[in-house]
Amino acid sequence: NLDYFCVNYAICLAIFALIAVVVYPQLLVLVCIFSAAWYALLTRPGHMKIQVGAALISKQHLQMLLAALNSLVVLYLAGSTIFATIGASLLVVLLHAGFRNVPSKAKDKLAQGEEP
């Protein structure tokens, strides 16, 4: 069931995420701030280096720093909302997968695709 309805389940997760952003608008602000930060960093030339004291920081170091900062801030500010959204989506997906059967024509196509 998960293979057959994969796109439907992805759409379900996207709808739950959209609802979470509408209910908690601070998530939208968070996405905009980090999108701007990533855009600013990724549009810089690859050979960019910044001198901080005696240390020379490359673009790759800045990307790692921004990824770590992004992860920590998102988990701190929106962790419960993210996990609740994923949990609600998972509940709907599992309920759907448990009660819905894959059509027989699709089962035949899946079985033919698995055979060498």
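Me: In which helix does Asn70 lie?
Reply: The structure is a predicted model. Leaving aside neighbours within four places in sequence, Asn70 is in contact with Phe34 and Trp38. Asn70 itself lies in helix H3.

Me: Is Asn70 buried or exposed?
Reply: The cut-off for buried is under 20% relative accessible area. Asn70 has a relative accessible area of 17%, so the residue is buried.

Me: Is Ile33 buried or exposed?
Reply: Ile33 has its place in helix H2. A residue counts as exposed at over 50% relative accessible area. Ile33 has 52%, so Ile33 is exposed.

Me: How many Å apart in space are Ile33 and Asn70, C-alpha to C-alpha?
Reply: Ile33 belongs to helix H2, and Asn70 belongs to helix H3. In sequence the two are 37 residues apart. In space, C-alpha to C-alpha, the separation is 9.9 Å.

Me: Are H2 and H3 roughly parallel or roughly antiparallel?
Reply: Helix H2 covers residues 25-42 and helix H3 covers residues 59-99; their axes lie 11 Å apart, at an angle of about 175°. Angles over 145 degrees count as roughly antiparallel. H2 is therefore, relative to H3, roughly antiparallel.

Me: How many residues of the contact of H2 with H3 are nonpolar?
Reply: From H2 the contact includes Leu27, Phe34 and Trp38. From H3 it includes Lys59, Gln63, Asn70 and Thr81. Three of the contact residues are polar and one is charged, and the nonpolar ones number 15.

Me: How are H1 and H2 oriented to each other, roughly parallel or roughly perpendicular?
Reply: Helix H1, residues 6-23, packs with H2 at an angle of about 105°, and the axes are 4 Å apart. The range 65 to 115 degrees counts as roughly perpendicular. H1 and H2 are therefore roughly perpendicular.

Me: What does Ile15 count as at 47% relative accessibility?
Reply: Ile15 is found in helix H1. Buried needs under 20% and exposed needs over 50%, with partly exposed in between. At 47%, Ile15 therefore counts as partly exposed.

Me: How far apart in space are Ile15 and Thr85, C-alpha to C-alpha?
Reply: Ile15 sits in helix H1. Along the sequence, Ile15 and Thr85 are 70 residues apart. Their C-alpha to C-alpha distance is 9.7 Å.

Me: What pattern does the protein follow along the sequence?
Reply: The secondary structure comes to four helices and two strands. Read along the sequence, these elements give α-α-β-β-α-α.

Me: What share of contacts between residues at least 6 apart in sequence join residues at least 24 apart?
Reply: The pair Ile33 and Asn70 shows one separation in sequence, 37 residues. Among the contacts in question, the share joining residues at least 24 apart is 63%.

Me: What share of the residues in the protein is buried?
Reply: The accessible surface comes to about 8,800 Å², and 70% of that area belongs to carbon and sulfur atoms. Of the 116 residues, the buried share is 20%.

Me: Which element has the lowest mean pLDDT?
Reply: The protein averages a pLDDT of 82, and 84% of the residues score at least 70. Among the elements, H2 has the highest mean, 90. The lowest mean, 60, belongs to residues 104-114, helix H4.

How values were computed: Residues numbered from 1 in each chain as written. Predicted model: local features only at pLDDT ≥ 70, side-chain atom pairs only at ≥ 80, totals over all residues. Heavy atoms only, no water. Buried < 20%, exposed > 50% of the residue type's maximum accessible area, 1.4 Å probe, protein only. Contact = heavy atoms within 4.5 Å. Areas by Shrake-Rupley, 256 points an atom, 1.4 Å probe, with all protein chains shown as cover. Axes fitted to C-alpha atoms, helices over the stretch in contact; angles between N-to-C directions. Parallel < 35°, antiparallel > 145°, perpendicular 65-115°, else oblique. Nonpolar A, V, L, I, M, F, W, Y, C, P; charged D, E, K, R; others polar. pLDDT = per-residue confidence, 0-100.
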